[in-house]
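Let's take a friendly walk through a protein model. Keep the picture open beside you as you read.

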Amino acid sequence: MAKPIVLIAEELSPATVEALGPDFDIRHVDGTDRPALLSALAGADAILIRSATQVDAEAIAAAPKLKVVARAGVGLDNVDIKAATEAGVMVVNAPTSNIISAAELTIGHMLSVARHIPAADASLSAGEWKRSKYTGAELYEKTVGIIGLGRIGALITARLQAFGMNVVAYDPYVTAARAQQLGVQLLPLDELLAQSDFITIHMPKTPETTGMIGAAQLAKMKKTAYIVNVARGGLIDEDALADALARNVIAGAGLDVFVNEPPTGSKLLGLPNIVVTPHLGASTDEAQEKAGVSVAKSVRLALGGELVPDAVNVAGGIIDPFVRPGIALVEKLGQILAAVAGHSALTALEVDVRGELAAYDVSVYRLAALKGYFTNQVTENVSYVNAPLLAEQRGISSSLTTAEESKDYRNVTTLHGLLADGSSVEVSGTLSGTRMVEKIVGLNGYDIEVPIAEHHIVMLYADRPGIVASYGREFGDAGINIAGMQIARRSAGGQALSIITVDSPVPDQVLARVAAAIDAEELREIDIVDA
């Protein structure tokens, strides 16, 4: 069996290839060579990129087998996430790979602007010895204001507290309890600006945060204060900052990021009281290796059909080991539900989880149910990425409920489907025993217990003698071997439900003869595709 093809479009660390392991056909292409890239994508199951390769709608359309785009880094400006989602392609990145590197660069900028290190180096290299000109300021016992107390902000807090600094912060999404845990005082932005000797920004770039530090905010800072930005270009109004530095409104600044990169012709370049670096936040050997290894692991998970915690276009997240075995079961229940519903249009899908699982985050089961339902219903590749989108496009709502009470099983998951004609279908399943055998344990109100196999036939008919012999004879005459069977009924002489397991698909003409022989009210074939 051919190995999945993983395309590496840019230079990545040897540890990245090692982390992928031997299970893939690894191929290389120059991602900046557009014709070569499009040609190579035709057979690719996954592509690993950095920042130079453009994975846009055209590239995604050229890759009919593509399941995952993996960016070995944080930003995703070069990936068309909308086009990927519509095609069912997972997009992953490495959001924590560079946080230590970014935190350390921030502190490097703070020390550089406070002690004039780059200017003093240039002066000495030019043959000058001007010690008094480069008298600086200590960090010890100064106040640092951190704007954005997320993962990088927390790392910087711990490191600057070791310098003996007082840390204050502004972050509208951080609780007082979290700030107290970090030893940080939360302040309104204006108070932080007024009190801080050093300010560093670690906010995402959004319409609300773009230009959040402008002329009015810079004017509130101390004349002796320094400001640093290694997060995103544009959080500080560059024209306002250049003016403030030129007029000594503040003492200095350190920038690693800019609105335009490279910042050719920027008024900030060449000012004596600014330190600039060319977007080096993630430019360490360690960060690059972490990013490559992280996305390699994500590719392995994605091509293994599992959810990926770092996927940016999947509402999943980290899955508890106790929850994970049920994902494949729920996908199969979704396929069964679709088969039992037949040609009736689904309008709502409700997922009900009962038992010990109710104590865990089982939100992934809603995605699994949708993926299973659409697996044999649409021509598109169906994944956890686009299953919710397919439901939305078809006007199908979906929901998830949990309850700790489970009468008959340790855990049971039930899918309720509401159909456009006002009727409903329902299927329940569980994992049974130490081997965690996948079983159907309920179908449209009938109690059954049938191990899920590749091929099933479901029949509903009036309960009477001779039925089993009738359909057994028809299947036997057609050469269809029955591997298992269970019959359920609510009362003698009423309706009976038979689920039989067969070793091979059943031709339509055989199904028609069986339906006629037993005068079936309903007869459905269920063919399960492995998750």
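Predicted model: local features only at pLDDT ≥ 70, side-chain atom pairs only at ≥ 80, totals over all residues.

Phe322 sits in the loop between helix 12 and helix 13, while Tyr360 belongs to the loop between strand 13 (346-355) and helix 14 (364-375), so the pair ties together parts that are 38 residues apart in sequence. Are these two residues buried, exposed or partly exposed? Phe322 is partly exposed at 25% relative accessibility, and Tyr360 is partly exposed too, at 34%.

Now look at Tyr471 and Phe475, whose pair is edge-to-face, with 6.4 Å from centre to centre and 65° between the planes. Both residues lie in helix 16 (residues 467-477), 4 residues apart, which is about one turn of the helix. Tyr471 is buried, with a relative accessible area of 0%, and Phe475 is buried at 0% as well.

Next, find the open sheet made by 5 strands in the order 2-1-3-4-5, with parallel pairing. Which strands stand at the edges? They are strand 2 (25-28) and strand 5 (90-92); each has a single partner strand, so one side of each is left without a neighbour in the sheet. On average, neighbouring strands of this sheet are turned by 20° against each other, direction ignored.

Inside the sheet, strand 3 (residues 46-49) and strand 4 (residues 68-71) run parallel and are joined by 4 bridges. One example to look for is Ile49, whose bridge partner in strand 4 is Arg71.

## A helix on the sheet

Helix 12 (residues 285-303) packs on the sheet, where it touches strand 1 (5-8), strand 3, strand 4 and strand 5. The direction of helix 12 makes about 170° with that of strand 4. With 19 residues, helix 12 reaches 27 Å from its first C-alpha to its last, close to the 27 Å expected at 1.5 Å a residue.

The buried residues of helix 12 include Ala287, Gly292, Val295 and Val299. The partners that the buried residues of this helix pack against include helix 1 (14-20) and helix 5 (99-115), along with strands of the sheet.

## Nonpolar cores

How many residues does the largest nonpolar core have? It has 73, and those with the most contacts inside it are Met90, Ile336, Tyr365, Phe374, Leu415 and Leu443. Helix 13 (residues 326-341) gives the most to this core, with 10 residues. Among the residues that Ile336 touches are Val427, Ile440, Leu443 and Ile528.

Apart from this core lies another one of 31 residues, among them Leu193, Ile199, Ile236 and Leu268.

As a general rule, most residues other than glycine have a negative phi, and most peptide bonds are trans. Compare the bond from Glu261 to Pro262, which is cis, with omega near 0°. Pro262 is placed in the loop between strand 11 (252-255) and strand 12 (274-276).

His116 has a positive phi, near 55°, and lies in the loop between helix 5 and helix 6 (117-125). Glu141 also has a positive phi, of about 65°, and is found in the loop between helix 6 and strand 6 (143-147). His116 is partly exposed, with a relative accessible area of 25%, whereas Glu141 is exposed at 59%.

Key. Residues numbered from 1 in each chain as written. Heavy atoms only, no water. Pairing = 2+ DSSP bridges. Helix = DSSP H or I, 4+ residues; strand = E, 2+ residues; numbered from the N terminus. Axes fitted to C-alpha atoms, helices over the stretch in contact; angles between N-to-C directions. Contact = heavy atoms within 4.5 Å. Expected span 1.5 Å × (residues − 1). Buried < 20%, exposed > 50% of the residue type's maximum accessible area, 1.4 Å probe, protein only. Core = buried A, V, L, I, M, F, W, Y, C linked by side-chain atoms within 4.5 Å. Phe/Tyr/Trp six-rings, centres within 6.5 Å; stacked < 30°, edge-to-face > 60°. Lists of a residue's contacts leave out its neighbours within four places in sequence.
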